[in-house]
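Please study the model shown below.

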Amino acid sequence: TGKTHYNMYVRLLGNILQMCFFNMHFQKIFKQAGIFMYKLDFQKPIHVHFIGIGGISMSGLAEILLNENFKVSGSDMKESDLTKLLCEKGANIVYGQRYENITDDIDVVVYTSAIKEDNPEWQATIQHIAIEGKCYFVNADMIIRKDSYPDDLRAEEIKDLPYWVCRGGSCIVDPFGHYVTDPVWDEETVIYADIDMELPAACKM
């Protein structure tokens with residue numbers, strides 16, 4: 001319908017503006033630091049996996065890539081009208097987020113800040129980031145208990161939350177994708193680790 005197309009174009013425009021804003025403000029800074037942003041070549045479609053593909057922005061980006069003949073896969077917690085639409089267009093979507101969803105044939109993983117740190121696919125992703133970046137990845141995650149919320153703050157919504165709203169998962173990953181410190185769950189703590197600062201340079205040899 002006309003309304004559906006209008007909403008889709010607004011959604012895609014928002015994504016494009018976000019990407020343009022990011023490029024203008026940070027590309028020069030990253031270049032000076034020797035960091036280069038990954039750019040998709042629309043003439044050479046690859047396999048892109050979306051964690052939380054049913055989200056309003058993620059689904060829009062996935063739809064663009066499907067229309068450009070990219071292989072698109074993704075995961076989400078449950079089926080929705082957006083995931084059904086993407087599946088009809090050729091996306092491979094699994095429900096339930098697991099470590100093994102990140103397979104070796106995936107070229108790029110797309111995620112957002114909406115992804116919780118205890119998501120198994122996020123833990124797999126940070127290991128890939130460390131390997132691809134040839135760097136240590138310090139993963140500092142939130143830990144929030146249900147009783148951290150004031151009693152009068154949206155009481156009806158809070159009462160149904162689990163005790164650990166955000167479970168943590170802070171860890172350090174080395175340039176080979178190995179945990180220097182294992183993820184810490186369900187407790188507040190300070191992580192200490194001895195790291196070899198010559199290792200990132202060695203990985204680039």
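**Exercise 1.** How many helices and strands make up the secondary structure of the protein?

*Solution.* The protein has 6 helices and 8 strands, where helices (H or I, at least four residues) and strands (E, at least two) are DSSP runs numbered from the N terminus. Their order from the N terminus is α-β-α-β-α-β-β-α-β-β-α-β-β-α. This is a predicted model, in which local features need pLDDT of at least 70, side-chain atom pairs count only at pLDDT 80 or more, and totals for chains, interfaces and linings use all residues. Residues are numbered from 1 along each chain as its sequence is written, and side-chain values use heavy atoms, with hydrogens and water left out.

**Exercise 2.** State what share of the residues of the protein is buried.

*Solution.* Buried means under 20% relative accessible area (1.4 Å probe, protein chains only). By this criterion, 34% of the 205 residues are buried.

**Exercise 3.** Describe the open sheet formed by 4 strands.

*Solution.* Step one: the strand order is S3-S2-S1-S4, with parallel pairing; two strands pair if DSSP finds at least two bridges between them. Step two: strand S3 (92-95) and strand S4 (108-110) are the edge strands, each pairing on one side only. Step three: from one strand to the next, the twist averages 20 degrees. Step four: strand S1 (residues 47-51) joins strand S2 (residues 71-76) in the parallel sense over 5 bridges, and Val-48 stands opposite Val-72 in S2.

**Exercise 4.** Which strands does helix H4 lie across?

*Solution.* Helix H4 (residues 120-133) lies across S1, S2 and S4. Helix H4 runs at about 130 degrees to S1, with angles taken from 0 to 180 degrees between N-to-C directions.

Methods:
Buried means under 20% relative accessible area, exposed over 50%, partly exposed in between (1.4 Å probe, protein chains only). Contact means heavy atoms within 4.5 Å.
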